[in-house]
Amino acid sequence: MEQDEKCFLRRSTVDNRDLPLSGYVVLDVADEKGIFCASILAELGAEVIKVEPPAGDTARNIGPFYKDIADLEKSLFWYAYNAGKKSITLNIETLDGQEIFRKLVETADFVVESSQPGYMANLGLDYDALARINPAIIMTSITPFGQDGPYKDYEASDIVLMAMSGLMHMCGDADRPPLRIGIEQAYGHGGMCGALASLIALYWRNITGEGQHVDVSVYECVVWLGYLTVPYYAELKRTIPRAGSKMRLLTVENELVFPCQDGFVVHRVGTGRVLGSQEKRLVELMDKEGRAEDLTQVKWTEIGFSELEQDELTHWEEVIGKYFLAHTKSELHKVAVEHKIMLTPVFSTGDVCEYEQLQSRKYWLELDHPALGRSITYPGTLFNSSEVAFGVTRCAPIIGEHNEEVYMKQLKLSPEELIRLKQANVI
Amino acid sequence: MAKGALEGLRVVFIGSYWAGPMCASAMADMGAEVIKVETHARIDNYRYLYSPDGSPERGPLFLVIDRNLLSVTINFTRSEGAALVKKIIKVSDVMLDNLSPRVLQKSGLTYDAVRQVNPEIVMASLSGYGQTGPVASYSAFGPHLSGLSGLSGLIGYEGDEPIGEFQGYNDPAAGLTALFAIMAALRYRANTGKGQYIDVSEWEVGSAMMGQEILDYTMNGRVAKCQGNRSSWMAPHGCYRCQGEDKWITIACATEDEWRALCRATGNPGWMKDNRFADAYARLKNKQELDELVSEWTLRHTDYGVMGILQKAGVAAVPVFTISELFTDPHAQAEEYLVHLPHPHEPGSYVYNNPWKLSETPPEIRRHAPLFGEHNEYVLRELCGMSKDEFDKLVEDRLIW
């Protein structure tokens with residue numbers, strides 16, 4: 001089955017494309033806690049102005065770094081989540097800075113921020129104040145715990161938010177500490193929810209002309225990732241125990257990650273109508289190599305989900321595990337795709353980058369980075385469209401790269417004023 | 001009741017499990033009218049999974065994820081059924097599906113076909129691998145996609161083998177991606193009058209969320225490894241045991257000021273003079289010894305006790321919640337994160353509220369997950385103007401089924 005690949009447009013490198021958010025302006029004062037939000041809006045065509053303190057955004061300190069050089073202009077975290085944005089420096093803690101910010105708000109559509117609740121109010125830049133200047137402004141506040149509640153002023157970090165989500169408690173080995181879910185991702189989910197809620201607010205504004213204050217609580221964004229947890233607990237009165245790579249939901253423990261010749265694969269040995277027929281196909285393939293042992297006798301599609309016995313499941317997993325050990329990730333994946341068996345390789349980041357499915361979908365994006373003298377290969381847009389070539393066309397900005405453009409051309413400040421503001425550490 | 005931001009928007013949704021329904025119900029939470037097309041021929045398995053008595057109206061996952069949706073039963077696997085679905089699409093704004101590309105093609109409800117009845121339709125398809133490419137027709141569940149996106153390979157203790165995950169964490173991110181893609185497309189349509197087709201590949205969303213790890217490979221040639229609870233720049237950082245059975249606290253100490261505050265708050269000012277912990281670099285180097293010392297202290301306190309002491313000192317610390325804490329924790333309760341929703345076949349179930357609040361148009365959990373075909377009359381007779389005779393015949397022919 002072939003789909004017409006021309007159906008999906010790929011990124012063009014031409015600016016001024018007719019994107020859904022073309023013409024919309026975003027003032028992004030968020031730090032690493034909310035930085036992903038505006039980068040999504042940039043991907044949708046908005047003009048995003050990253051407002052950094054004169055010394056540079058704190059997110060620029062987050063590694064890894066290009067060639068491991070800890071430099072404000074070489075943070076890979078910064079590159080990843082600020083592509084497509086412009087940068088101005090502005091110290092909003094000064095009165096001059098606040099005045100300039102208010103001027104920028106006059107012609108902006110969105111303000112994205114991630115400061116502690118009350119911080120913006122102290123600067124006279126909270127939603128009510130900004131709405132008086134521009135009633136259509138949509139202000140999105142992304143904070144670890146939300147704007148209200150007993151923990152609103154608490155300190156946070158990625159691991160702490162993942163702990164609060166309830167997800168960590170289920171992850172890891174039974175006799176070892178709970179484990180973070182791989183990578184840092186709490187703020188990524190927060191940023192995504194921020195972008196989404198901002199767009200919903202925009203939809204409302206286009207009907208009514210009114211802006212809104214959007215309050216995103218990152219910890220709640222992460223709790224949402226645990227769909228099994230609440231119903232499982234509320235219905236079955238059980239918490240899900242840690243079981244390493246196994247899944248222990250009801251009465252049996254399923255292994256999910258099997259070693260193979262050159263790494264690992266994800267597979268769940270199952271029975272019943274859906275999983276059973278796949279298992280049958282897998283066993284037939286194993287049989288061709290003389291590796292099926294007594295699994296050919298099993299009536300895979302007839303055994304109900306709740307009829308599984310741990311002893312026999314463990315035995316099946318052992319036999320199947322031996323088959324996996326005799327093959328590479330790539331061999332097993334090929335077999336799985338060909339015979340419609342749910343089995344995937346555990347890819348490393350390197351494997352992901354080299355994989356042909358992504359390359360054939362032209363997933364990767366090359367953006368020039370003048371300061372580095374080379375281009376950077378980015379993961380592509382989050383989705384594809386038949387009508388619009390979404391995606392950014394510029395890499396992450398250098399500190400204050402667009403000061404002149406914004407301050408002189410847009411706000412019409414004179415060169416002398418710019419110098420004065422620089423000397424006063426406002427810019 | 002407050003007005004919903006998306007009130008007046010009508011969405012047709014075909015799909016099951018998590019990613020698609022999450023997108024659908026999030027739209028419904030914000031006021032859209034979202035019609036889930038179901039059929040006996042392809043029942044959403046979540047209606048049955050863990051259902052206490054095997055009833056399709058009591059699947060706990062379905063009750064949580066499919067709240068606020070309407071349900072119409074049409075056997076779209078038959079061409080006359082697909083034609084009926086098109087009648088609903090004709091009077092709708094958005095079509096969303098998370099069928100596999102193969103099933104979507106077979107159903108005849110592809111974008112090209114749907115566009116014939118509604119040229120301005122915004123259609124979004126959510127699949128594991130996308131609509132094109134060599135493995136497009138492959139199917140998968142969430143944990144399998146995590147294997148492909150690279151996430152599973154990074155879930156493991158430092159230096160250990162990966163243990164992967166079983167929840168399918170890429171599902172919700174993909175569902176939310178579909179949602180903001182739809183919102184962007186609606187904005188585009190308002191400007192240009194044109195609809196469009198959106199292709200969301202769950203796998204690609206998963207990889208895009210790993211920006212700096214991917215860049216570390218493409219820029220530095222370095223393959224990411226399991227880091228456990230370690231941070232590359234913060235120490236102390238991790239998970240420490242507390243008093244009681246399987247009780248833990250997570251601590252993340254980000255600055256020198258926070259380190260000093262932690263030393264004082266734990267009654268260990270001597271740590272500040274210890275050369276092994278002189279700065280972040282030294283603390284990372286001597287992480288094991290530092291973690292042992294911190295554990296000695298945390299073991300003498302309850303998890304909430306540690307949080308109280310450290311947060312007061314300005315250090316990030318929160319217990320590792322089990323699910324019961326989501327119900328009992330003071331902040332979770334104050335924020336009303338879990339909402340109790342009554343249901344005709346249940347004493348009621350707890351559902352997650354949305355993690356965002358809009359000042360004028362907050363999300364609202366208005367109604368329970370629909371009974372199978374609960375809105376057949378409303379959708380087909382009222383919205384599509386079908387006569388009673390025609391309706392009854394379609395029921396008899398098992399097209400409304």
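These legends go with several close-up views of a predicted model.

Residues are numbered from 1 along each chain as its sequence is written, while chains are lettered from A and ligands numbered from 1 in the order in which they are written. In this predicted model, local features need pLDDT of at least 70, side-chain atom pairs count only at pLDDT 80 or more, and totals for chains, interfaces and linings use all residues; side-chain values use heavy atoms, with hydrogens and water left out.

**View 1. Chain A as a whole.**
Let's start with chain A, which has 16 helices and 14 strands. Helices (H or I, at least four residues) and strands (E, at least two) are DSSP runs, numbered from the N terminus. Along its principal axes, the C-alpha trace of chain A spans about 85 × 50 × 45 Å. Chain A has 427 residues, and 63% of them count as buried. Here, buried means under 20% relative accessible area, exposed means over 50%, and partly exposed is in between (1.4 Å probe, protein chains only). What about contacts (heavy atoms within 4.5 Å)? Take those in chain A between residues at least 6 apart in sequence: 68% of them join residues at least 24 apart.

**View 2. The surface and charges of chain A.**
Chain A exposes about 16,200 Å², and carbon and sulfur atoms supply 49% of that area. Accessible areas come from the Shrake-Rupley method with a 1.4 Å probe; for residues, only the protein chains shown count as cover. Now for the charges: chain A has 42 positive and 63 negative ones, and their mean positions are 2 Å apart. Lys and Arg count as positive, Asp and Glu as negative, and His and the chain ends are not counted. Each charge is placed at NZ of Lys, CZ of Arg, CG of Asp or CD of Glu.

How many cavities of 30 Å³ or more does a search of the whole structure find? The search turns up eight. A cavity is a set of points on a 1 Å grid over the protein atoms alone where a 1.4 Å probe fits but cannot get out, and lining residues have an atom within 4 Å of a point. Grid points are joined across faces, edges and corners, and a volume is the space filled by probe spheres set on the points. The largest cavity holds about 230 Å³ of space. It is lined by 18 residues, and the closest to its centre are A:Glu43, A:Ala80, A:Tyr378, A:Pro379 and A:Gly380. Helix 1 (35-43), helix 2 (76-82) and strand 12 (365-369) of chain A each give at least two residues to this lining. Helix 1 of chain A supplies the largest share, four residues.

**View 3. The loop between strand 2 and helix 2 of chain A.**
A:Pro64 sits in the loop between strand 2 (47-52) and helix 2 of chain A. The peptide bond from A:Gly63 to A:Pro64 is cis, with omega near 5°. A:Lys67 also lies in the loop between strand 2 and helix 2. Although A:Lys67 is not a glycine, it has a positive phi of about 55°. Is A:Lys67 buried or exposed? A:Lys67 is exposed, with a relative accessible area of 56%.

**View 4. Helix 1 of chain B.**
Over in chain B, helix 1 (residues 19-29) is mostly covered, with eleven of its eleven residues buried. Among them are B:Met22, B:Cys23 and B:Met27. After this helix comes B:Gly31, whose phi is positive, near 105°.

**View 5. Helix 10 of chain B and its neighbours.**
Which residues of helix 10 (residues 256-265) of chain B are buried? They are B:Glu258, B:Trp259, B:Ala261, B:Leu262 and B:Cys263. These buried residues pack against strand 8 (248-252), helix 11 (280-285), helix 12 (287-298) and helix 13 (303-312) of chain B. Just after helix 10, B:Gly267 takes a positive phi of about 75°.

**View 6. B:Leu299 between two helices.**
B:Leu299 lies in the loop between helix 12 and helix 13 of chain B. At 42% relative accessibility, B:Leu299 counts as partly exposed. Setting aside its neighbours within four places in sequence, B:Leu299 is in contact with B:Arg241, B:Cys242 and B:Gln243. B:Leu299 and B:Ile249 are 50 residues apart in sequence and 9.9 Å apart in space, C-alpha to C-alpha.

Terms used:
Contact = heavy atoms within 4.5 Å. 1 Å grid on protein atoms, 1.4 Å probe; cavity = no way out; pocket = protein on both sides within 12 Å on 5 of 7 lines; lining within 4 Å.
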